[in-house]
Amino acid sequence: MESFYINGGRELNGSLDIVSAKNSLLPILAGCLISGKHVIVRRVAMFSDVKYMLKILEDLGCIVTTQGDTVIIDSSTAEKYLVKEEFTKKVRSSIFMLGPLLSRFRRAKVAYPGGCNIGNRPIDLHIKGLECLNVKIEEKHGYIYCDGRNMKSGEVHLDFPSVGATENLMMASVGLKGTTTIYNAAREPEIVDLQNFINAMGGKVYGAGSSTIVVEGVTLFTDVDYEPIRDRIVIGTYLVATAMCGGKVKLLDCKREHSHALITKLKQCGASVKESRSGLEISVKNRLKSIPNIETQPYPGFPTDLQNQVLALQTISRGTSIVVENLYESRFKICNELVKMGADIMVKDRTAIIKGVPKLYGANVVATDLRGGAGLVLAGLSAEGYTTIEDIYHIDRGYLSIEEDFCKLGAEIKRLQD
Ligand code: UD1
């Protein structure tokens, strides 16, 4: 078991490169199976979830070669359509294999997914959507059995704009004869990235980024060489870290395009955030004002994946803040840990009320999920004294050596082995 040991209270200054988006990489890697060709994916950050996804592809028969941060996947040799429980319990994104397996083999057998501990994460929208494409689905003995031998293109209206369900349906329908339309689709930038990837290998997908996506079936695919977008959640985490610690940080080659909701809030509370040709720069001199209310929403609303980090910022801002979590019912686990560090927070159902205190103090805390763990790192960096964060494997699922990035900016944070 590894932990972080932080000596807090230092300003952050300097510049950082930002990795490719985990939430783009995971569906794109699953999508490599569709074509039966060679796929080169560049700037691959080896998050632990990404490593599991590559293991799944290998287990299905793909040949995976890694050269630095480039991954080459030859899916022509894939022959299985079973994703075993040993993989799915480690990575929720294994559910992304349903669409590509159906597209390639017209069959899929995938064990129920595990993943981040943030409450009930059903997959009913994936299942209902695939049924609209005439896939026969049975759920038994912990496995989802999909028979797509009579699959047909068609219309799917999602009850909620689920990111994963939208991506699965895009990938499932890419090779179906005719046109498939997905209504009330999720609009996240990672969905646009998946569309661009599919089209680069010969697909015909239109409309991603809007709430209606149209997929025209194709049968011929080509080799593809693709670089996913930067990780807007990592960008947001580093912006909030600077807002908490003070200082001046530039995130190289990043744009504000996908981070509007956060940047607007940061500016409202007194941070300076500017975009230039070389990147996105945040500068913070004094303690910030509270953001009166933050409510998580599907994109382009405020992202749930940045809620815990911004909640940590509110604990040391001037004033009171109300945070409402609309997507995941268990995304306030960080609050108990922040209270150990001196925060004043009251949680009721999906609402947290945070009264800002002048500073947090170092304590022994535990990461209970990915983004909550990131929030604790930020709290520890800004706190007075020493903080130990246990169970940091959660954080490694979405941040590549977060401690090295913060050390580059002048923080004192070490990874300790137990
Ligand atoms: C993706 C992101 C995750 C982010 C989330 C919301 C990836 C790999 N992960 O997760 O980081 O937190 O979007 O922005 O891209 N739901 C159902 N039934 C379903 C599917 C979802 O009820 O079949 C509900 C979920 O419980 C949740 C909401 O819909 O309340 C959003 O889930 P969804 O958009 O599907 O998120 P993921 O794709 O799992």
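Q: In which strand is Met346 found?

A: Helices (H or I, at least four residues) and strands (E, at least two) are DSSP runs, numbered from the N terminus. Met346 belongs to strand β20, which covers residues 344-348. The model is a predicted one, in which local features need pLDDT of at least 70, side-chain atom pairs count only at pLDDT 80 or more, and totals for chains, interfaces and linings use all residues. Residues are numbered from 1 along each chain as its sequence is written, and side-chain values use heavy atoms, with hydrogens and water left out.

Q: Is Met346 buried or exposed, or something in between?

A: Buried means under 20% relative accessible area, exposed over 50%, and partly exposed in between (1.4 Å probe, protein chains only). Met346 has a relative accessible area of 48%, and is therefore partly exposed.

Q: Which residues gather in a patch of positive charge?

A: Lys and Arg count as positive and Asp and Glu as negative, while His and the chain ends are not counted. The place of a charge is taken as NZ of Lys, CZ of Arg, CG of Asp or CD of Glu. The positive patch on this surface is formed by Lys51, Lys55, Lys89 and Lys90. Of these, Lys89 lies in the loop between α3 (85-88) and α4 (98-105), and Lys89 counts as exposed because its relative accessibility is 52%.

Q: Why is α4 described as largely enclosed?

A: Six of the eight residues of α4 are buried, so the rest of the structure largely encloses this helix. The buried residues are Leu98, Gly99, Pro100, Leu101, Leu102 and Ser103. Contact means heavy atoms within 4.5 Å. The elements against which these residues pack include α1 (22-35), β7 (107-111) and α6 (163-173). After α4 comes Arg106, with a positive phi near 65°.

Q: How many salt bridges does a search of the whole structure find?

A: A salt bridge is a side-chain nitrogen of Lys or Arg within 4 Å of a carboxyl oxygen of Asp or Glu. The search finds 22.

Q: How do Asp305 and Arg331 meet, and where are they in the chain?

A: Their side chains form a salt bridge at 2.8 Å, N to O. Asp305 lies in the loop between β18 (293-295) and α10 (307-315), and Arg331 in the loop between β19 (320-324) and α11 (334-340), 26 residues apart. Asp305 counts as buried because its relative accessibility is 15%; Arg331, at 3%, also counts as buried.

Q: Which residues are linked in a network of salt bridges?

A: Glu2, Asp396, Glu403 and Arg415 are linked in this way.

Methods: Patches are made of residues with over 30% relative accessible area and no salt bridge: like charges are joined within 9 Å, nonpolar side chains (Val, Leu, Ile, Met, Phe, Trp, Tyr) within 5 Å. Accessible areas come from the Shrake-Rupley method with a 1.4 Å probe; for residues, only the protein chains shown count as cover.
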